[in-house]
Amino acid sequence: MSALQGAVETAAPVSRLHQRQSFDPADFPVPTGREEEWRFTPLRRLRGLAGDAPLPEGKVTVECDPAPEVTIEHSERSDPRLPRTMIPADRVSAKAFAGASEALVVGVPAEAVASRPTVVSVRGEDTAGAAFGRLVINVAPMASAVVVLDHAGSATYADNVEIVVGDGGSLSMVSIQDWADDTVHLSHHHATVGRDARLRHTVVTLGGGLVRLAPSVRYAGAGGDAELLGLYFADSGQHLEHRLFVDHGQPQCRSRVEYKGALQGETARTVWIGDVLIRPEAVGTDTYERNRNLLLTDGARADSVPNLEILTGEVVGAGHASASGRLEDEHLFYLMARGIPLQAARRLVIRGFFGQLISKLDVPELRDRVSESIETELARMEA
Amino acid sequence: MATLQIRDLHVSVADATGGSREILRGVDLTVADGQTHAIMGPNGSGKSTLAYAIAGHPKYEVTRGSVTLDGEDVLGMSVDARARAGLFLAMQYPVEVPGVTVSNFLRTAVTAVRGEAPKLREFLKEMRGAMAALSVDPAFAERNLNEGFSGGEKKRHEILQLELLKPKIAVLDETDSGLDIDALKVVAGGINRFREEPGHGVLLITHYTRILRYVQPDFVHVFVGGRIVEEGGPELADTLESEGYERWVKAGAGAAS
């Protein structure tokens, strides 16, 4: 069946896929679509973001509503105080670094506990041209915060988000892609998790014509804990791609990846890549990654590629799981045999599919908002 | 008043080669309210197929015959419409539905069957009462449907639904299998509460006579080779207990060849 795509093994080991890093876009050739990291992406829909022709300046505004304990700064690109933990790993990321003249820096001072979420709103005003952004989230040692990055509107946008969680610190970050249908958004998030630090990174991708988001995590000390969660819902015409990379290079660190997606409509398309590397020095690593896709209509296509490379024999646990399929007939039969009509039964099962992830959103208003968005998607399906 | 009437029912399932195989070969049976019928038969005789065909599972194709509930054509109804019309199937292997809690599921089902949402407070009281009667831990309400339930927990949960949904006719498909004696008594207690209420009939499908000591049937039907081959009162169960199905299986095999 063409709609069902199993796990496809990639040709190259994870360690080789993420080797190249540079701030100079010219160090990365213009992609042709044959490269491992570009083969799932429809390059002709990128509006030149990966090409080499200069693009006129696009219009995207960024606003920030910080918690009182949190500092906000607009720093020049060359500001020496900016962290240097993120080096672009592909051409679009390098172009976004070069194109963003300043960085918005969200800082959480040492030992501060933010009393409410800090919200960064990114609003696209026009798809013409291209806009570039740079956000830095710097959580100092023993500090704790929740940061929401909320994208909406129409844009052609590429950005980098650099996340640093200092030793013993804790950050829950939620990135919502709720763009209009005509938006193209290519984004890289790179997190450095300090000694005994915790990161919960949650991605919710609902809107946008083409969204390609690549979160990566590296550990700066032992005992780090990263939880990477994702929820996406693709309709016809949408290409939603999430490419994760967890780089275990420190001992006794933990990572959990759980991404769930639903697809409806003949041309709905999602891609999930889950690369996990456990380097020789990362003894005592505990990692598990999981991706599940629910194909609600014929023709929709979900690619799911977990890729785990283990270079030490001393791990606590390392596993992955990937499954893409339709709603189970037996689930629907059971519910309907109790009098529940088909549409309501489908809703129950789909809500159940996403429910656990939604309950992990650290902002109550977001739980309501995401639940409502999914209800809207389902209502569209039934119309 | 409730009557489930099955006439000359023939049912086939698709086989692996793309063809179809006839499982039920002309079943005639009438279950009225106030009655308890036991259907007993060996493995593979088609007992479960009868249960699923009545409930409308899409895997089973009715090729001939009729099923009516109080004169209404059941076979023309969707699965959910059959349940709302008053049919209930307690499943032999209830499926796990991840992320759907028991309380949410029960409330949705009760709302669908009764045609209006019960008041939350009253529903919770009713649900907790039904749970207590079946010795079900109240924490069950917040667990995911059948997920991680033991065999006995699943069966008690099926009977819990029976007591909340109050159908006209309940078809219980091997509800006794896999239960230890204490669980069996609890489950039988639920079935007896249900059938003592007016307007309720029971079709009890079982492989063993054990449950019939706790749920006394009015009629016993021996089911072999996709049809009823003998009918009698409760004493027929005693014959089966001492002699087994061998006599009918042999006769059936002779007739088929």
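Strand S9(A) contributes six residues to the lining of the largest pocket, the most of any element. Strands (E, at least two residues) and helices (H or I, at least four) are DSSP runs, numbered from the N terminus. A pocket is an open set of points on a 1 Å grid over the protein atoms alone, where a 1.4 Å probe fits and protein lies on both sides within 12 Å along at least five of seven lines; lining residues have an atom within 4 Å of a point. The model is predicted, and totals for linings use all residues. Residues are numbered from 1 along each chain as its sequence is written, and chains are lettered from A in the order in which they are written.

Elements of chain A that supply two or more of the lining residues include helix H1 (14-17), helix H2 (91-99) and strand S9 (210-219). The lining has 17 nonpolar, 11 polar and 14 charged residues, where Ala, Val, Leu, Ile, Met, Phe, Trp, Tyr, Cys and Pro count as nonpolar, Asp, Glu, Lys and Arg as charged, and the others, Gly among them, as polar.

The second largest pocket has a volume of about 480 Å³. It is lined by 28 residues, and A:Val60, A:Val62, A:Phe132, A:Gly133 and A:Arg134 are the closest to its centre. S4(A) provides the largest share of this lining, eight residues. The lining of the second largest pocket divides into 16 nonpolar, seven polar and five charged residues.

Methods
Predicted model: local features only at pLDDT ≥ 70, side-chain atom pairs only at ≥ 80, totals over all residues. Heavy atoms only, no water. Points joined across faces, edges and corners; volume = space filled by probe spheres on them.
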